[in-house]
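Student: I have a model open and want to learn how to read it. Where do we start?

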Amino acid sequence: MNVGNLPASAWPGGRAVHGGAAVTAEVALGVAAVVVLVFWARLIAASWGGGYWVFDIAVGAAVCALALTRRRGRVWTAAAGLGIAVVAVVVAAAADLPNEPGPGMALGLSVLVGSAVRTLPARPAGAVAAGGLLVAAASAPMAHNGSVVVLNAGGWLAAVTVGGGLRLLAERRRAAADRVRHDERRRLARELHDVAAHHMTGIVLQAQAARLLARRRSRLLEESLEDIEEASTGALSALRRVVGLLREAADGVPGPPGRLTDLIDRFDGPPVTLRGPADAGDWPPEVTSTVYRIVQESLTNVARHAPRARSVTVEIGGGDGTVVVEVADDAPPTPPSRNRGGYGLLGMRERVEALDGTLRAGPRPEGGWSVRAALPLGARR
């Protein structure tokens, strides 16, 4: 099964998932706005009579419309909504109309303020929050009914609380993701020494052979120099792929990651079937270590998140200068909130993309989970 053909909605955090949730939220907001506006208009008509409800419906609908379009520009929609609210407060007081902001406008302002606090940089977010507080405070001296003041103050407080909480949660997730990338880069940096040693040792040997050939068999010197050129090209390509990801110096030199057969034997979980070569001596060392890490992280995820899996398959193959590794289990489906698209997957993706490879992970149609990576071999020794 090729998990690369799965639809976007199957991937954790995929656009289809986020897009569907966003549409649902906007529809729910629109329905809530209509219900609140109509309900409040009927109350105004019953208590004030005449057409007093028209102004409240007009300004409330305008602010709710801005709330529904906030994704197109959170700064200008928030500024426009607050501006309409200020004008509505002044006009309602001057014309002796029902207090503003009414519940409909309060709903729209809460969404605009909360969205700004959640997503905008600190200064614009603080300015919008302060503007919302100013509108809520300005409505108090002119209020005919204290419940309207409480409604506006409560809406502002809820918007700031929810928006600030979601902002803090997003920052924590971002910090955790940065730590994962940082740790993966450190591991790659520690492996850089082995990659360089693998290639450079061969270059030294070829250069020594070239010196001997220059003295004894000069006609073979060109062939030896070609070997040196090929080995140097392979070394530069390997180093470029690994160093391209790094942002800091290495600290220490590790040994080789180990053999896949040993890793599978040590796995404390469902039986693992290995299909394909356990180790390939002609792979570049950075590809060998990445294959090992992918299998290691995938088996760790099976042990953590798939306790009901009965078997795991590790399949290694490839062709056309590419190594393909896929780890799949047969665990029953789990709720979306318990998927395995966590920080371990982020670290694997960081490593694979550093080698110009691709990584796909997600649920399988027949059940279970699959991680599939394709790694280009590049120039071989």
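Student: How much of the protein is buried?

Tutor: Buried residues account for 40% of the 381 residues. Keep in mind that this is a predicted model.

Student: How many helices and strands are there?

Tutor: The protein has ten helices and five strands.

Student: What share of the contacts joins residues at least 24 apart?

Tutor: Take contacts between residues at least 6 apart in sequence. Of these, 71% join residues at least 24 apart.

Student: Now helix packing. What describes two packed helices?

Tutor: Two values do: the angle between their axes and the distance between those axes. Here, take helix 3 and helix 5 (residues 122-138). Their axes come within 10 Å and cross at roughly 15°.

Student: How does that angle class the pair, roughly parallel or roughly antiparallel?

Tutor: Angles under 35 degrees count as roughly parallel. Therefore helix 3 is roughly parallel to helix 5. As for handedness, the crossing of helix 3 and helix 5 is left-handed.

Student: Which residues make the contact between helix 3 and helix 5?

Tutor: Helix 3 contributes Ala78, Leu82, Ala85, Val86 and Val89. Helix 5 contributes Val128, Gly131, Gly132, Val135 and Ala138. By class, the contact of helix 3 with helix 5 has eight nonpolar residues, two polar ones and no charged ones.

Student: On to charges. How many salt bridges are there?

Tutor: The test is a side-chain nitrogen of Lys or Arg within 4 Å of a carboxyl oxygen of Asp or Glu. By this rule the count is five salt bridges.

Student: Show me one. What is the distance between Arg71 and Glu26?

Tutor: The closest N and O atoms of Arg71 and Glu26 are 3.1 Å apart, and the pair forms a salt bridge. This pair links distant parts of the chain, 45 residues apart. Arg71 sits in the loop between helix 2 (53-68) and helix 3, while Glu26 is in helix 1 (residues 15-47).

Student: Which residues form a network of salt bridges?

Tutor: Glu26, Arg70 and Arg71 are linked in one.

Student: What about Arg310 and Asp330?

Tutor: They form a salt bridge, with the closest N and O atoms 3.8 Å apart. The two residues are 20 apart, and the pair links distant parts of the chain. Arg310 lies in the loop between helix 9 (285-305) and strand 2 (312-318). Asp330 lies in the loop between strand 3 (322-329) and helix 10. With a relative accessible area of 58%, Arg310 is exposed.

Student: Which residue pairs with Glu366?

Tutor: Glu366 forms a salt bridge with Arg364, at 3.4 Å between the closest N and O atoms. Glu366 counts as exposed because its relative accessibility is 51%.

Student: Last topic, the backbone. What is the phi of Asp96, and where does Asp96 lie?

Tutor: Asp96 is not a glycine, yet its phi is positive, about 55°. Asp96 is in the loop between helix 3 (74-94) and helix 4 (103-119). At 45% relative accessibility, Asp96 is partly exposed.

Student: And what is the phi of Asp356?

Tutor: Positive, about 65°, although Asp356 is not a glycine. Asp356 is found in the loop between helix 10 (343-354) and strand 4 (358-363). Asp356 is exposed, because its relative accessible area is 60%.

Technical notes. Residues are numbered from 1 along each chain as its sequence is written. This is a predicted model: local features need pLDDT of at least 70, side-chain atom pairs count only at pLDDT 80 or more; totals for chains, interfaces and linings use all residues. Side-chain values use heavy atoms; hydrogens and water are left out. Helices (H or I, at least four residues) and strands (E, at least two) are DSSP runs, numbered from the N terminus. Buried means under 20% relative accessible area, exposed over 50%, partly exposed in between (1.4 Å probe, protein chains only). Axes are lines fitted to C-alpha atoms, for helices over the stretch in contact, and angles run from 0 to 180 degrees between N-to-C directions. Angles under 35 degrees count as roughly parallel, over 145 as roughly antiparallel, 65 to 115 as roughly perpendicular and the rest as oblique. A crossing is left-handed if the near helix is turned anticlockwise from the far one by less than a right angle, and right-handed if clockwise. Contact means heavy atoms within 4.5 Å. Ala, Val, Leu, Ile, Met, Phe, Trp, Tyr, Cys and Pro count as nonpolar, Asp, Glu, Lys and Arg as charged, and the others, Gly among them, as polar.
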